[in-house]
Amino acid sequence: MKVVKKLLSLLLKTFLWLSLALVVLLASLFFRSQRLPASLLTRVAAAFLPENLVLRFERASFGFMDGFVVRDLRLYDRTRANRVEPLVSADEIAVMPIQRRIVAKRFVITHLHDGYYEPGNQERDEPVAFSIPDIPHFALLLDRPDILSVAPSRVTADVYAVGNRLCVDNARIDWLGAGETAALDGRLVVDLAVQEISGEVHGTAHQRHIRPLLVTLDIPSALPYIDAFTDVQGAVPSSCSWKVNLVNNDLDLELDLHPKLGEYNGVPLQRADGKLRLHVYTRGDCLNYSHTFGPITALGSADRTLGGTVEVEGTNGFNTVRVTAKSALPVADLIRIGGFEGDYLDRDVYGDSECSLVFRFPRDMGDDLSKLNGEGHLTIRNGQLMRLKGFAGLLELLAEKVPGFSLITDSTQASCDYRIENGILRSDNIYIEGSVFSIKMYGYYDSVKERLDYTARVQFSKKDSVMGKLLHPLAWPFTKLLLEFRLRGTSNDPKWEYISVIDRVMGDN
């Protein structure tokens with residue numbers, strides 16, 4: 001009996017000492033962190049993760065003040081084409097339950113899942129094989145993160161999860177430093193119940209903050225429109241919303257940008273306001289997209305305005321571009337804004353322009369203009385159209401044939417309908433009209449062989465005026481025989497020729 005009592009007394013003392021040691025150990029964790037066995041934690045994590053995900057980290061520790069800290073964390077996906085590239089990585093993640101705070105240093109997500117980038121129909125019916133546990137509200141701090149190539153200095157937010165839905169509210173994204181100061185506010189929702197990631201931000205950002213995201217999201221068709229803006233002064237007032245469908249990989253993104261000063265394709269602008277809507281989806285064996293740039297309104301020099309919309313649709317390997325625009329800018333600036341290079345006319349040639357254009361071409365066309373097709377209409381009013389450098393030769397010839405013809409240059413307007421077939425632009429109704437005379441042109445421009453072939457006829461009065469209709473029957477034989485010209489050569493070196501009566505008699509016309 002005494003032996004039993006001694007044994008029980010020994011066990012009680014051992015328990016008390018162990019309890020005291022445990023209390024001391026726990027109390028010490030308020031002032032220090034205890035290193036934890038990484039291998040054990042890795043096995044515990046594997047029990048909760050899907051089979052395709054593998055968690056690795058260098059070391060882990062716990063302290064009541066410092067929280068649960070994991071260093072050099074890497075999460076890999078066995079099903080990824082590049083298995084050695086982490087799906088998610090971080091130099092350090094600290095979860096502090098007492099402070100209800102999460103701090104992550106160099107948190108990195110490089111890409112969306114492989115299915116987003118692969119060609120082919122990635123649509124499926126099964127949900128993403130992962131669930132989000134319920135998480136109480138935590139304050140989140142990301143120090144120097146890099147998420148889909150968006151790399152701010154700091155991100156703060158409130159985070160919680162409920163019902164398989166992870167919410168990031170009251171987010172603040174800051175870029176700090178000389179010349180870098182900018183900030184966006186927003187929110188993010190990962191909703192596995194509907195298989196969707198969505199979010200929105202608004203504030204200010206620099207162009208260099210936005211462009212890398214479009215590269216990572218594999219939207220090269222939008223880059224020329226972003227890159228056309230140069231020398232923009234200061235951070236750009238911006239807003240952005242996006243939605244990614246995790247089942248069929250559809251992406252919807254909308255940017256609302258308001259850059260001030262700077263240039264667009266080399267044309268100075270006081271400011272520009274416009275929206276960029278992107279829709280990317282995979283169907284069949286193609287990555288398809290539908291982008292809308294606009295409505296855009298811009299203010300150029302001398303408070304002249306430009307407004308319009310550009311729609312780009314890429315389906316089954318073919319692109320269709322639709323442009324509608326109205327402009328009071330110099331015609332030379334309008335040409336450059338449209339992305340056309342070349343010195344076609346002086347910048348002091350103004351006009352109120354209006355156009356509706358459509359272009360169609362294979363996505364892999366490159367520089368092969370023989371694959372370009374389209375149609376459109378162009379109107380220019382109140383412009384000095386005869387100052388176009390390509391008309392210099394015609395003016396010289398007209399000055400010899402018709403005294404006082406310079407009156408046509410005082411206030412002219414133009415209009416034309418055209419069609420493009422395999423790189424050849426044709427038009428039968430190019431009209432350039434002045435206060436006294438007008439010119440009708442017809443013919444084609446072969447962009448593949450770089451060849452012009454147009455006939456121009458000088459007419460009295462405007463084509464739709466009462467005087468023009470009265471004079472047309474009387475003046476037509478005169479203009480047909482004596483005032484017709486031929487335009488040959490190239491766009492860079494146009495050649496004007498007078499078609500004489502002898503030429504017509506000899507049939508050389």
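Predicted model: local features only at pLDDT ≥ 70, side-chain atom pairs only at ≥ 80, totals over all residues.
**Salt bridges**

I began with Asp174 and Arg154, whose side chains meet in a salt bridge at 3.3 Å, N to O. I applied the criterion of a side-chain nitrogen of Lys or Arg within 4 Å of a carboxyl oxygen of Asp or Glu. I numbered residues from 1 along each chain as its sequence is written, and used heavy atoms for side-chain values, leaving out hydrogens and water.

I then looked up where the two partners lie. Asp174 belongs to strand E11 (residues 165-175) and Arg154 to strand E10 (residues 154-161), so this pair ties together parts that are 20 residues apart in sequence. I took helices (H or I, at least four residues) and strands (E, at least two) as DSSP runs, numbered from the N terminus.

For burial I used relative accessible area: under 20% is buried, over 50% exposed, and in between partly exposed, with a 1.4 Å probe and protein chains only. Asp174 is buried at 7%. Arg154 is partly exposed at 34%.

Next I examined Asp185, which forms a salt bridge with Arg172, the closest N and O atoms being 3.1 Å apart. Asp185 lies in strand E12 (residues 182-191) and Arg172 in strand E11, so the pair ties together parts that are 13 residues apart in sequence. I noted Asp185 as partly exposed, at 26%, and Arg172 as partly exposed, at 35%.

A further salt bridge that I recorded joins Arg419 and Glu421, with the closest N and O atoms 3.8 Å apart. Arg419 is partly exposed at 36% relative accessibility, and Glu421 is partly exposed at 41%. I also found that salt bridges with shared partners join Arg154, Arg172, Asp174 and Asp185 into one network. In total I listed 21 salt bridges in the structure.

**Aromatic rings**

I searched for aromatic pairs, meaning rings of Phe, Tyr and Trp (its six-membered ring) with centres within 6.5 Å; planes under 30 degrees apart count as stacked, over 60 as edge-to-face and the rest as tilted. The search returned one pair. Phe229 and Tyr264 form this pair edge-to-face, with 4.8 Å centre to centre and 75° between the planes. Phe229 is in strand E14 (residues 229-230) and Tyr264 in strand E17 (residues 263-264), so the pair ties together parts that are 35 residues apart in sequence.

The charged end of Arg100 sits over the ring of Phe138, 5.7 Å from its centre. Arg426 lies over the face of Tyr444, at 5.0 Å from the ring centre.

**Nonpolar surface**

I noted a nonpolar surface patch of about 320 Å², made by Leu40, Val44 and Phe48. Patch residues have over 30% relative accessible area and no salt bridge; like charges are joined within 9 Å, nonpolar side chains (Val, Leu, Ile, Met, Phe, Trp, Tyr) within 5 Å. Accessible areas come from the Shrake-Rupley method. Val44 is located in helix H2 (residues 38-48), and at 41% relative accessibility I counted Val44 as partly exposed.

**Cysteines**

I looked for disulfides, defined as pairs of cysteine sulfur atoms within 2.5 Å, and found zero. Cys240 is buried at 9% relative accessible area, and Cys355 is buried at 15%.

Conventions. Lys NZ or Arg CZ within 6 Å of the ring centre and 35° of its normal. Areas by Shrake-Rupley, 256 points an atom, 1.4 Å probe, with all protein chains shown as cover.
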